Amino acid sequence: MEDSIEHRLSALLDGETSEFETRRLVEEINKNPEIKDLWIRMNKTKSLLTAEIDFSPRNIASTVMEELDGSDIKQIKFSKDEKSKQLKYYGFAFGVLLSLGLVFQPFIAQEEESFQSTSVIPALSIGNIPVSSNESYLQEIGNNLKGSLKKIEFMEEGDIIANYVENDSKRSFKLRVLFRDLSLEDRIKLSSSGITVHSLANDKPVVINLSSDEINNQGLVELSNRIFLNLRK
Amino acid sequence: MNSEKTLIKLSKEGNKNAFEALVIKHQDKLMGSLNKLFKNPTFSEDIAQEAFIKAYINIGGFKEDSAFFTWLYRIAVNTAKNHLSSKYNKNEIMESEIDENILTHIGIDSPSPESILEANTLRDRLFQCLNDMPEEIKSAITLREFNGLNYEEIAKICNCPVGTVRSRIFRGRQLLDEIQISINNEAKGNNGR
C-alpha cells in the first residue's frame with residue numbers, strides 16, 4: 001500500500017525519498033496549500049526542536065517566490081550546452097593550431113634546409129590527439145613546427161593567444177584566435193598587427209590573427225592562406 | 001539520489017516549485033544563523049531573502065561539493081558583508097570584523113518579546129509532547145532529530161525494518177504537528193479577541 005502524502009512528506013524532510021517520490025511531492029506541495037502548510041510546519045518544528053532558531057521568524061518563502069515570479073530574474077545558465085559550445089570553440093582553435101602544424105612542416109622544410117636533416121615528425125591527426133591535456137596538444141604542435149610553444153593564454157570570451165618560437169631560427173610569431181565580432185576600434189588595432197582573417201566557425205564569427213616581428217607580412221599571408229585552405233578541406 | 005540532491009537538480013532545471021521546497025526547508029536555519037551573527041532579525045530576514053534569490057540565480061554553478069546550506073550560508077554572509085561594506089564605504093569587511101561597531105551600525109534589534117515567547121512556548125510544548133510519546137516513537141524521533149541518524153541506521157539500532165522507522169517518525173511528527181496547530185489556533189483566538 002502506498003504511503004500517504006503526509007507520510008512521504010516526513011520522509012522528504014529527512015532526505016529519505018527517491019527521486020520519483022521527491023518530484024511528486026514537489027508537485028503536491030505546489031498544488032495543495034494544505035500540504036504546503038504542513039511542509040512549513042514540519043520544518044518549523046524541526047528547527048525549534050534542534051534549536052536552529054530562538055525566535056519565530058516569518059515565512060519568507062512566499063516573498064522570495066513572489067520576487068522570482070514577478071520580475072525578469074533568470075538563472076545564470078551553466079548548462080552543458082554552454083560548455084559544449086565552448087568546447088567546440090576550443091576544438092576549432094586547436095584545429096587551427098593543428099593546421100598550423102600541418103602547414104608549417106612543409107613551409108619550414110622549404111625555407112630551412114637544416115630541417116630536412118632532422119627526422120620528419122609525422123603530421124598530427126586529430127584522432128591521435130590526447131583529449132585530456134590541452135597544453136600537451138599545443139606542445140605537440142610546437143614540436144611539429146620544429147619549434148616550441150612558449151606561452152598560451154586563454155582570454156576572456158574564449159579567445160586564445162599562443163606564442164611559438166622556431167627552434168633553429170628562433171623566429172617567433174603569435175597566433176590569436178578570437179571567437180567574436182570585433183568592434184571597429186579592435187579591428188583597427190588588429191589591422192596594424194600582422195595579418196587578420198575574418199571567418200565563421202559554427203556560424204559564429206571567428207577572427208584569426210598572425211603576427212610576428214621576424215616573419216614578414218608576405219610570409220604571414222602565405223601561412224594564413226594555407227591554414228584556411230587546410231581548414232576548408 | 002537523496003531528496004535534497006533531487007530538489008537541487010530540479011531547481012537547476014528551473015523548477016521553481018522545487019526551489020521553494022528548498023527555501024522552506026532552509027529558511028529558519030538560515031535566518032537563525034544570521035540572527036546569531038547580526039543580532040538583528042529584520043536585517044537577517046532581508047539578507048536571507050536576498051541570499052535565496054541569488055542562490056536561485058546561481059544554482060547552476062553550485063557544484064555540490066559542499067552541502068547546499070553551506071553554500072547558501074556563504075552567499076548570505078557575503079551579501080551581508082556587501083551591505084555593510086557599502087554602508088561603511090569599505091571594500092570588504094571580514095567576518096571577524098563583524099563586531100560590536102557594526103552591530104551598532106545596523107542596530108541591535110532583538111526579536112520581539114512576542115516572537116521569543118511564541119518560540120519558547122512552542123518549543124516547551126513540543127518537548128513535553130516528545131516526552132509523552134510512546135517509547136519506540138520517541139526513540140526514532142530522538143535518533144533522527146538529535147543524533148542525525150538516517151533511517152537505515154535507526155532501523156539497525158531499533159532492530160526493525162526501515163519502513164517501520166519511517167512510519168514511527170511520521171507518527172511522531174503527526175503528534176508534534178497537532179501541538180503546533182493547537183498553538184497557532186490559540187494565537188489566532190487571542191488575536192481575534
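Modeller: First, a term: helices are DSSP runs of H or I with at least four residues, numbered from the N terminus. Also keep in mind that this is a predicted model.

Colleague: Fine. Which elements supply at least two residues each to the lining of the largest pocket?

Modeller: α3 (33-49) of chain A does, together with α2 (16-38) and α9 (162-192) of chain B.

Colleague: And which of them gives the largest share?

Modeller: α9(B), with five residues of the lining.

Colleague: How much space lies in that pocket?

Modeller: About 410 Å³ in the largest pocket. Its lining has 16 residues, and the closest to the centre are A:I40, A:R41, A:K44, B:Q180 and B:N184.

Colleague: How do the lining residues divide into nonpolar, polar and charged?

Modeller: Seven are charged, six are polar and three are nonpolar.

Colleague: Changing topic. How many helices and strands does chain A have?

Modeller: Nine helices and five strands. From the N terminus, the order is α-α-α-α-α-α-α-β-β-β-α-β-β-α.

Colleague: What share of chain A is buried?

Modeller: Of its 233 residues, 44% are buried.

Colleague: Last one, on contacts. Among those between residues at least 6 apart in sequence, what share joins residues at least 24 apart?

Modeller: In chain A, 47% of them.

Definitions and conventions: Residues are numbered from 1 along each chain as its sequence is written. Chains are lettered from A and ligands numbered from 1 in the order in which they are written. This is a predicted model: local features need pLDDT of at least 70, side-chain atom pairs count only at pLDDT 80 or more; totals for chains, interfaces and linings use all residues. Side-chain values use heavy atoms; hydrogens and water are left out. Buried means under 20% relative accessible area, exposed over 50%, partly exposed in between (1.4 Å probe, protein chains only). Contact means heavy atoms within 4.5 Å. On a 1 Å grid over the protein atoms alone, a cavity is a set of points where a 1.4 Å probe fits but cannot get out, and a pocket is an open set with protein on both sides within 12 Å along at least five of seven lines; lining residues have an atom within 4 Å of a point. Grid points are joined across faces, edges and corners, and a volume is the space filled by probe spheres set on the points. Ala, Val, Leu, Ile, Met, Phe, Trp, Tyr, Cys and Pro count as nonpolar, Asp, Glu, Lys and Arg as charged, and the others, Gly among them, as polar.
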